[in-house]
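Colleague: I am new to looking at protein structures. Could you walk me through one and show me how to read it?

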Amino acid sequence: MQKTTLAVLGGAALALVLAAAASAQPPAPEGPGGMGPRMGRVEGMGRFLGLSAQQKDQVRKLMDERRAEHEALRERLAKNRDELQQALVSANPDPAAVGELAIEGHRLHEQGRALREAQDKAVRALLTPEQQVKFDAMKALRDEGMGGGPPMGRRGMPPHGGPGWQRQ
């Protein structure tokens, strides 16, 4: 069973790498005549999963509906990260303020995880059973950081406090 799962995941990883290499092109222009930044993600997913034109439109609509919420959360995460950095580099960091910012950062990350899970569930509901198997493999690779190691954060480092993270 484990070998079968690894074979499926390995095949999915290879397919993702090949799909990424095949779709390597300059970013599409934004605006009415362009496709916009998220369109490449839908097109790549569409090729990998074998989505119909109708399914691609549904996935695109779903992502567009949730874009504002994702962007707002990213902005709050960036603000929290900046405030935490400022609190830590001050001459005399206030442990309570640092702790509150760290807790808030964790809460925001959990909100992001919940948003991704809800979006994944909504996308999965649009798929055929065969596409769902591929989607689950693709999601597992994403969640495992595309290499079986710990999930990576900014600058290729494990997220603070996440699996694989330790203070040096």
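Modeller: Gladly! Let's begin with the inside. This is a predicted model, and its largest nonpolar core has 12 residues: Val42, Met45, Phe48, Leu49, Leu51, Val59, Leu62, Met63, Val123, Leu127, Phe135 and Met138.

Colleague: Which helices each supply at least two residues of this core?

Modeller: Helix H2 (39-49), helix H3 (53-89) and helix H5 (129-143) do. H2 gives the largest share, four residues.

Colleague: Why look for nonpolar residues in a group?

Modeller: In soluble globular proteins, nonpolar side chains tend to be buried together.

Colleague: What does the secondary structure of the chain come to?

Modeller: Five helices and zero strands. Read from the N terminus, the order is α-α-α-α-α.

Colleague: How do I read a single helix?

Modeller: Start with the general idea: an α-helix has 3.6 residues a turn, so residues three or four places apart point the same way. Now take helix H4, residues 95-125. Its buried residues are Val98, Leu101, Gly105, Leu108, Gly112, Leu115, Gln119, Asp120 and Val123.

Colleague: And how far does H4 reach from its first C-alpha to its last?

Modeller: H4 has 31 residues and reaches 45 Å, close to the 45 Å expected at 1.5 Å a residue.

Colleague: What about the chain as a whole?

Modeller: Of its 168 residues, 25% count as buried. The chain exposes about 11,700 Å², and carbon and sulfur atoms supply 58% of that area. Among contacts with a separation of 6 or more, 54% join residues 24 or more positions apart.

Colleague: How do I read the confidence of the model?

Modeller: Look at pLDDT, the predictor's confidence in each residue, from 0 to 100. The chain averages 74, and 62% of the residues score at least 70. Over residues 5-39 the pLDDT is below 50, and this stretch has 26 contacts in the model beyond near neighbours in sequence. Residues 164-168 also have a pLDDT below 50, with six such contacts.

Definitions and conventions. Residues numbered from 1 in each chain as written. Predicted model: local features only at pLDDT ≥ 70, side-chain atom pairs only at ≥ 80, totals over all residues. Heavy atoms only, no water. Buried < 20%, exposed > 50% of the residue type's maximum accessible area, 1.4 Å probe, protein only. Contact = heavy atoms within 4.5 Å. Areas by Shrake-Rupley, 256 points an atom, 1.4 Å probe, with all protein chains shown as cover. Core = buried A, V, L, I, M, F, W, Y, C linked by side-chain atoms within 4.5 Å. Expected span 1.5 Å × (residues − 1).
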